[in-house]
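Student: Could you walk me through this model, starting with how the ligand is held?
Tutor: Gladly; here it is.

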Amino acid sequence: MEKLIVKGGTKLEGTIPVSGCKNAVLPIAVAAAILGDGGSVLHNVPNLTDVTTLRAVLEGLGATIKRKNSTLYIEPINHLEYEAPYELVRKMRASIYVLGPLVAKLGKAKVSFPGGCAIGPRPIDLHIRGLEHLGAEVMVEKGYIYAQAESLIGTEMNLIGQHGPSVGATANVMMAATLAQGTTVIRGAAREPHISDLAHFLNAMGADIEGIGTSVLTVHGVKQLRGTEHTVISDDIEAGTFMVASAITRGDVYVKGITPQQIPAISEKLVAAGVELDWDANGVRVTTPHELQPINVTTAPFPGFPTDMQAQIMGLLCLAAGTSVITENVHTDRFIHAAELNRMGANIVPDGSKAIINGVPKLSGAPVMASDLRAGAVLVAAGMAAAGETVVSRVYHIDRGYECIEKKLNNVGANITRVNA
Ligand code: UD1
């Protein structure tokens with residue numbers, strides 16, 4: 001099992017480039033492989049294990065996918081299979097993205113029901129509800145979701161769930177609706193930048209989607225989608241993680257390839273905590289000249305503060321001069337990293353869906369364990385700021401969502417070694 005050994009006390013200085021957005025690539029590759037009748041070329045695709053896992057799912061359905069550096073070449077599937085098996089889906093929940101496109105293209109799908117994960121139960125009722133609105137019959141039996149429809153029919157629906165809009169359900173239903181008969185109106189749609197990137201990609205394939213970037217998406221069904229060429233947007237969460245890495249080490253890092261529009265809430269909260277952000281057309285310089293200030297953060301769907309940055313900002317606030325409160329409203333059980341940060345000398349008290357973070361003057365290195373990919377990222381960031389050595393295990397979580405994390409950070413002065421132990 002690989003581990004990262006992080007020698008702390010380093011100050012990051014230099015430029016870190018941001019890679020392509022994982023959460024955009026996953027549904028876009030699905031749309032390209034299943035919905036398109038011609039080959040697609042995707043640029044700016046990060047080299048992540050989640051992308052490799054999705055590739056296996058799509059190849060299992062019959063797609064031919066080649067990678068050259070950060071470009072994926074996806075050939076249309078001639079003999080599309082309709083089953084995504086447990087062995088592949090269990091490795092990555094986002095495999096559920098094949099459900100809507102398979103029903104739209106083949107009229108049927110059999111997809112393993114994704115399980116829960118370290119950040120809590122992850123229901124898929126909204127995905128199912130959306131497809132049912134489009135006229136699909138959906139049944140769950142023996143761990144599989146069976147969906148079928150002679151043809152999907154456009155309709156109006158509200159996809160808002162108990163925790164607000166769902167990124168996954170919006171993507172799944174939007175993809176299915178592109179090939180439905182008539183017009184589908186999705187109210188309560190997720191507005192994350194990666195949903196917009198998927199919608200732009202689908203339109204480039206010949207779909208007709210209006211309201212991109214808003215909570216009401218109108219999808220006029222078309223008969224056929226073609227292949228296209230697309231450059232995936234940059235990863236907002238990777239950018240936010242590097243901004244935190246700069247701030248927590250009191251560094252001076254230019255995070256290259258991100259815009260303020262992609263990360264409004266992350267920027268606002270970092271500034272409130274005393275981090276200075278100097279934006280230009282290509283990215284942002286991140287410095288922390290003064291003491292970090294405590295702040296309150298509440299996670300929410302875009303344009304709110306992303307749950308996928310909650311762990312990282314928690315790590316930063318461990319070193320603030322006072323008490324901060326984080327309220328997790330999206331994945332309410334997502335605080336496993338708090339216990340690991342406490343092992344490094346932090347003072348965090350989880351309390352239901354809140355965490356009270358009492359700032360401490362310093363952190364110290366310790367052996368810690370990544371419980372999910374963002375939890376892993378904060379342990380690496382905290383390790384860089386801590387005195388002594390931090391050994392992060394379960395690195396495979398980090399590799400799901402960060403492309404060569406230690407290489408990028410070592411390039412700007414970190415001291416991180418990957419070992420097989
Ligand atoms: C996506 C992201 C994930 C991120 C999450 C929230 C990908 C591959 N993953 O996950 O990194 O943490 O958005 O920004 O893009 N919900 C339901 N019923 C459903 C679906 C979701 O109740 O059918 C709930 C979830 O439990 C959660 C909330 O809605 O509380 C938001 O989840 P959702 O946006 O669907 O997350 P994912 O698409 O799974």
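Tutor: A polar contact here is a pair of N or O atoms within 3.5 Å; within protein, one must be able to donate a hydrogen and the other to accept it, and residues adjacent in sequence count only if both atoms are side-chain atoms. On that basis, a backbone N or O atom of Gly-168 lies 2.8 Å from an oxygen atom of the ligand, and a backbone N or O atom of Val-167 lies 2.7 Å from an oxygen atom of the ligand. For Asn-23, a polar side-chain atom lies 3.3 Å from an oxygen atom of the ligand.

Student: How much of the ligand's accessible area does the protein cover?
Tutor: The protein covers 88% of the 730 Å² that the ligand has on its own, with areas from the Shrake-Rupley method and a 1.4 Å probe.

Student: Before we go on, what kind of model is it?
Tutor: The model is predicted, so local features need pLDDT of at least 70 and side-chain atom pairs count only at pLDDT 80 or more, while totals for chains, interfaces and linings use all residues. Residues are numbered from 1 along each chain as its sequence is written, and side-chain values use heavy atoms, with hydrogens and water left out.

Student: OK, how many residues surround the ligand?
Tutor: There are 18, each with a heavy atom within 4 Å of the ligand, and the closest are Asp-125, Leu-126, Ser-166, Asp-308 and Val-330.

Student: Which element gives the most to that shell?
Tutor: That is α5, with 3 residues, where helices are DSSP runs (H or I, at least four residues) and strands are E runs of at least two, numbered from the N terminus.

Student: And why does the ligand lie between the two domains?
Tutor: Because domain 1 (2–19 + 234–420) and domain 2 (22–213) both give residues to the shell around the ligand; the bounds come from an automatic or database domain assignment.

Student: New topic: where is Pro-303, and what kind of peptide bond joins Phe-302 to it?
Tutor: Pro-303 is in the loop between β18 (296–298) and α10 (310–317), and the bond joining Phe-302 and Pro-303 is cis, with omega about 10°.

Student: What about Asn-69's phi?
Tutor: Asn-69 is not a glycine, yet its phi is positive, about 50°, and Asn-69 lies in the loop between β4 (64–68) and β5 (71–75).
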